[in-house]
Amino acid sequence: MLDSIISTPLTLPDLLICLGTAMGLGLLTALVFSYRTQHSASFTLTLALLPMTVTMVILLVNGNIGTGVAVAGTFALVRFRSVPGTAREIAAIFTAMAIGLALGMGFIGVAAIFFLLASAFTLLLTALDFGAPSRDEKRMKITIPESFDYQGLFDDIFEKYKLRCRLESVRTTNMGTLFELTYQVTLPGDTAPKALLDELRTRNGNLNIAIGDFSQREAL
């Protein structure tokens, strides 16, 4: 079951079995990693095709000294993706490539077992929201004039309303005339009190303030 099915020289039945299995496992891998997550159609299609592509590359060089070079080159292609991916997308790509490598060497049983374990583990952690931030955690962005010293500027207000805050980043905006402060905050309730926002607006000169879910990928 765990032995390679590939004979030397490569036969048509072996080729069709490996590529057919790669197609099936690639499609299932795309479905698993698309479950309960934001994704694009192009990423899903790529994930479905990747095992078959890697399988074909390894089959073509199997038993040749160029195998090592081909494998290294295949994995190196990940860095040339045009759009930066999330950690989950990168994990999905490496999972699909590992399946393709196993199938390219004829280890169908190994590829199937790896897929089942990886899929079950992924679905379990997704269902449990493993590693997800607390629902009380938010991202707060406050704009202040560039003349203000942002260090500890709002600490007394945060302490008054019992907010746990951590300054994540500071960036300039509006041609350098403003600072945008990004905080990770834990609110005592589901929403920020209006009195809190009013005091922050008074302190920052009535400039923009935004509060949203910490888990969102897009900037507020």
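The tour visits a helix pair, then the nonpolar cores. Keep in mind that this is a predicted model.

**Stop 1: the helix pair.** Select residues 87–104, which form helix α4, and residues 108–127, which form helix α5. Their axes lie 8 Å apart. The packing angle is about 165°. An angle over 145° counts as roughly antiparallel, so α4 and α5 are roughly antiparallel to each other. Look at the crossing too: α4 passes α5 in a left-handed way.

**Stop 2: the contact.** Show side chains on both helices. From α4, pick Arg88, Thr95, Ala98, Ile99, Ala102 and Leu103. From α5, pick Ile108, Ala111, Phe114, Phe115, Ala118, Thr122 and Thr126. Color the contact by class: nine residues are nonpolar, three are polar and one is charged.

**Stop 3: the largest core.** Which residues have the most contacts inside the largest nonpolar core? Select Leu47 and Leu103. This core has 22 residues. The largest share, eight residues, comes from α4.

**Stop 4: Leu103.** Center on Leu103. Leaving aside residues up to four places away in sequence, Leu103 touches Ile6, Cys18, Thr21, Ala22, Leu25, Thr55, Ile108 and Ala111.

**Stop 5: the second core.** Finish with Met140, Ile144, Ile157 and Leu200. They are among the 17 residues of a second, separate core.

Technical notes:
Residues are numbered from 1 along each chain as its sequence is written. This is a predicted model: local features need pLDDT of at least 70, side-chain atom pairs count only at pLDDT 80 or more; totals for chains, interfaces and linings use all residues. Side-chain values use heavy atoms; hydrogens and water are left out. Axes are lines fitted to C-alpha atoms, for helices over the stretch in contact, and angles run from 0 to 180 degrees between N-to-C directions. Helices (H or I, at least four residues) and strands (E, at least two) are DSSP runs, numbered from the N terminus. Angles under 35 degrees count as roughly parallel, over 145 as roughly antiparallel, 65 to 115 as roughly perpendicular and the rest as oblique. A crossing is left-handed if the near helix is turned anticlockwise from the far one by less than a right angle, and right-handed if clockwise. Contact means heavy atoms within 4.5 Å. Ala, Val, Leu, Ile, Met, Phe, Trp, Tyr, Cys and Pro count as nonpolar, Asp, Glu, Lys and Arg as charged, and the others, Gly among them, as polar. A nonpolar core is a set of buried Ala, Val, Leu, Ile, Met, Phe, Trp, Tyr and Cys residues joined through side-chain atoms within 4.5 Å. Buried means under 20% relative accessible area, exposed over 50%, partly exposed in between (1.4 Å probe, protein chains only).
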